[in-house]
Amino acid sequence: MTHLTPYHFGSPAGAEHFTDRREELALIADRLTGGQNVILHGPRRYGKTSLLHRAIEAARKRGGRVGYVNLLRCSSRREVAQAITQGIFSGPLHGGTTRRMARLVERLRVRPRLDFSPTGGVTVFFEPGMRDTDWPGAMEDACRLLAEASASHAVGLVLDEFQQIVEVDPPLAGTFKAILDESPTVSYVIAGSHVHLMERLTTAPGAPLLAMGELLRLGPIPDGEMAPYLVARARARRKQLTPEVALRICAMGGPAPNDIQRLAQHSFDVAGGSIGIAEVEAGMALAMGRESTTFAERYERLAPVARRVLHLASAPGGLVQPYGLAALRKVEMANANAVRKALASLEESELIARGPEGWEVADPFFRRWLQTDP
Ligand SMILES: Nc1ncnc2c1ncn2[C@@H]1O[C@H](COP(=O)(O)OP(=O)(O)OP(=O)(O)O)[C@@H](O)[C@H]1O
Ligand SMILES: [Mg+2]
């Protein structure tokens, strides 16, 4: 399918808007068909979901039976159990007669309703139960069926936005550990953002899912891959973009590929036949302007020290010595502790991230807003 706009951002990218990530893609697809677990960490908007979808597609082409679950919208244990069971029944266990599917459902200790659509899709629904309904047990039962299926096929389940289980009910991490322990032949891919939370779940000492899979940390896409992609997409839409200007878009919009594509699209929109530095500047102003209300709200919610720290981090190169005397004077704080706390909370909410030199504002449009707002 050919899209009208050259670039894509804001939601997972399809094949046409996907570049690089060859090694990661090959590895996840291999593991999904090889019964091995993977743990995927990456900051927001770096392309985790896009990568997972492409890996699932590749694994399915090889005959793997793979399901996808996104836990982001789950806010209760019932919803987590429902999402997992849905991922299993609409993915690896899907197929055959409705009677076969119904028979499988009978083996779950809490039985969901299965709704079949005319196009062959299936939806799983758990009635909200009593307080003591064994939702983790229901989930374990569904995963046990998956383990059985792995006797005859390569079977995998991708759990995206896994960090959400901390919001729902932290002990669920232990349930997943037990599930993974009991399913050595199923490949589980556990992915999430909020790197802090993911580390607490999967890599920190004592983490419930420590060493349960091969760790993959998703970084930025190298400019050497991203810039030629930007150039090719502009050219396909009959606008000129030189490699130099494309690199400028990467520098201004990076590091998240989502933001690079967003800046590229806005630059494309304002350009006539050719996208130059002036158009990139205008594209940046346009993208920033569209979000200025959100930025103002985001800013107003912060404590005064956090606001000042954020301003320092928005300077070119970022905030290099946050506890140095000059920085402390600028944030009008006598002690480093308040600054440390502000940095930690800004990092936790992913407003800042460590750059090559110092702390930087993660969103380039917000960064520009902070630089320009009086
Ligand atoms: N391989 C890629 N090549 C080019 N652009 C990409 C690639 N992967 C992601 N992007 C860009 O990033 C955007 C977001 O991708 P995606 O939704 O997969 O990220 P994510 O890490 O899952 O984000 P979130 O943490 O918000 O769920 C896409 O719309 C696209 O602009
Ligand atoms: Mg995602």
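Modeller: Two residues are in contact if their C-beta atoms, placed from the backbone, lie within 7 Å. The structure discussed here is a predicted model.

Colleague: Which elements do the buried residues of H5 pack against?

Modeller: Helix H5 covers residues 135-149. Its buried residues are Trp135, Ala138, Met139, Glu140, Ala142, Cys143 and Leu146. These buried residues pack against helix H3 (77-90), strand S5 (155-160) and helix H7 (172-182).

Colleague: How far does H5 reach from its first C-alpha to its last?

Modeller: H5 has 15 residues, and at 1.5 Å a residue a span of 21 Å is expected. The reach in the model is close to that value, at 22 Å.

Colleague: Are H5 and H7 roughly parallel or roughly antiparallel to each other?

Modeller: The axes of H5 and H7 come within 10 Å and cross at roughly 20°. Angles under 35 degrees count as roughly parallel. H5 and H7 are therefore roughly parallel.

Colleague: How many residues of each class does the contact of H5 with H7 have?

Modeller: H5 passes H7 in a right-handed crossing. On the H5 side the contact is made by Pro136, Met139, Glu140, Cys143 and Ala147, and on the H7 side by Leu172, Thr175, Ala178, Ile179 and Glu182. By class, the residues of this contact are two charged, one polar and seven nonpolar.

Colleague: Which helices and strands are included in what covers the buried residues of H10?

Modeller: Helix H10 spans residues 243-253, and Val245, Ala246, Ile249, Cys250, Met252 and Gly253 are its buried residues. Their cover includes strands S8 (240-241) and S9 (274-275), together with helices H9 (223-236), H11 (257-270), H12 (277-290) and H17 (364-372).

How values were computed
Residues numbered from 1 in each chain as written. Chains lettered and ligands numbered in written order. Predicted model: local features only at pLDDT ≥ 70, side-chain atom pairs only at ≥ 80, totals over all residues. Helix = DSSP H or I, 4+ residues; strand = E, 2+ residues; numbered from the N terminus. Expected span 1.5 Å × (residues − 1). Buried ≥ 20, exposed ≤ 12 C-beta atoms within 10 Å, placed from the backbone. Axes fitted to C-alpha atoms, helices over the stretch in contact; angles between N-to-C directions. Parallel < 35°, antiparallel > 145°, perpendicular 65-115°, else oblique. Left-handed = near helix turned anticlockwise from the far one by under 90°. Nonpolar A, V, L, I, M, F, W, Y, C, P; charged D, E, K, R; others polar.
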